[in-house]
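Biologist: I would like to learn how to read a model like this one, feature by feature. Could you give me the general idea each time, and then the case at hand?

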Amino acid sequence: MRCPFCHHTDDRVVDSRSVREGRAVRRRRECLRCERRFTTYEYIEERPLQVTKRDGEREPFDRRKLLRSLQIATAKRPVTPTEIDRVVEEIERELDRRESGEAESGEIGEMVMERLKRRDHIAYVRFASVYRNFQDPEEFLMEFRDLRDRQTQRELRRHQNELELGLPAGDEDGPEE
């Protein structure tokens with residue numbers, strides 16, 4: 001590494017630390033000629049993720065665009081900025097793991113909706129209405145009914161599990177008469 005002060009190329013590493021969630025390494029270096037210290041950062045050379053839009057156009061993945069769309073959907077809802085960042089991080093990590101380095105915008109939209117559905121139903125429907133391009137109120141009603149039905153099914157399963165757990169051992173069929 002070239003010293004920024006005397007431009008000598010021999011140095012020693014004094015300290016190394018992982019930074020930016022493990023995506024970079026920060027190194028403190030000392031020049032062997034002038035003995036001054038400087039900091040360098042090492043990053044993995046990442047291939048840019050390409051997003052294929054509905055019309056076939058391709059563009060680089062833009063984290064800020066995803067963040068903005070989540071902020072709009074969750075505006076005035078009980079979803080914290082930390083939760084929004086966590087959702088964006090989860091999606092970004094999942095996309096980074098792909099071998100192809102490509103994703104369709106529809107896949108990303110589904111990933112967002114899956115996560116919003118678990119956190120806040122109103123934010124989910126807001127996002128879905130734009131993403132799925134709802135054209136009339138009936139589409140909103142259908143989405144709300146689907147959410148309600150899923151919620152009812154979850155509650156039923158939860159209560160059934162509680163009932164099963166409450167039975168004495170060996171009494172799976174319930175009390176005998």
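Biologist: What percentage of the residues in the protein chain is buried?

Modeller: A residue is called buried under 20% relative accessible area, exposed over 50%, and partly exposed in between, with a 1.4 Å probe and protein chains only. By that rule, buried residues make up 27% of the 177 residues in the protein chain. Please keep in mind that this is a predicted model, in which local features need pLDDT of at least 70 and side-chain atom pairs count only at pLDDT 80 or more, while totals for chains, interfaces and linings use all residues. Residues are numbered from 1 along each chain as its sequence is written, and side-chain values use heavy atoms, with hydrogens and water left out.

Biologist: Which pattern does the protein chain follow along the sequence?

Modeller: Helices (H or I, at least four residues) and strands (E, at least two) are DSSP runs, numbered from the N terminus. The protein chain has five helices and six strands, and their order along the sequence is β-β-β-β-β-α-α-β-α-α-α.

Biologist: How many bridges join strand β1 to strand β2?

Modeller: Two strands are said to pair if DSSP finds at least two bridges between them. Strand β1 (residues 11-19) and strand β2 (residues 24-31) run antiparallel and are joined by eight bridges, with Val25 in β2 as the bridge partner of Ser18. Strand β2 also pairs with strand β3 (residues 37-43), again in the antiparallel sense, over seven bridges, and there Arg28 has Thr39 of β3 as its bridge partner.

Biologist: Which residue in the turn between β2 and β3 has a positive phi?

Modeller: Most residues other than glycine have a negative phi. In the hairpin of β2 and β3, which has five residues between the strands, Glu35 has a positive phi of about 65°, and this residue counts as exposed at 59% relative accessibility. In the hairpin of β1 and β2, with four residues between the strands, Arg20 takes a positive phi near 50°. His7, in the segment before β1, likewise has a positive phi, near 65°.

Biologist: Is Thr40 buried or exposed?

Modeller: Thr40, which is found in strand β3, is buried, because its relative accessible area is 10%. For its surroundings, contact means heavy atoms within 4.5 Å; leaving aside neighbours within four places in sequence, Thr40 is in contact with Met1, Val25, Arg26, Arg27 and Arg29. A polar contact is a pair of N or O atoms within 3.5 Å, where, within protein, one must be able to donate a hydrogen and the other to accept it, and residues adjacent in sequence count only if both atoms are side-chain atoms. The side chains of Thr40 and Arg29 make such a polar contact at 3.0 Å.
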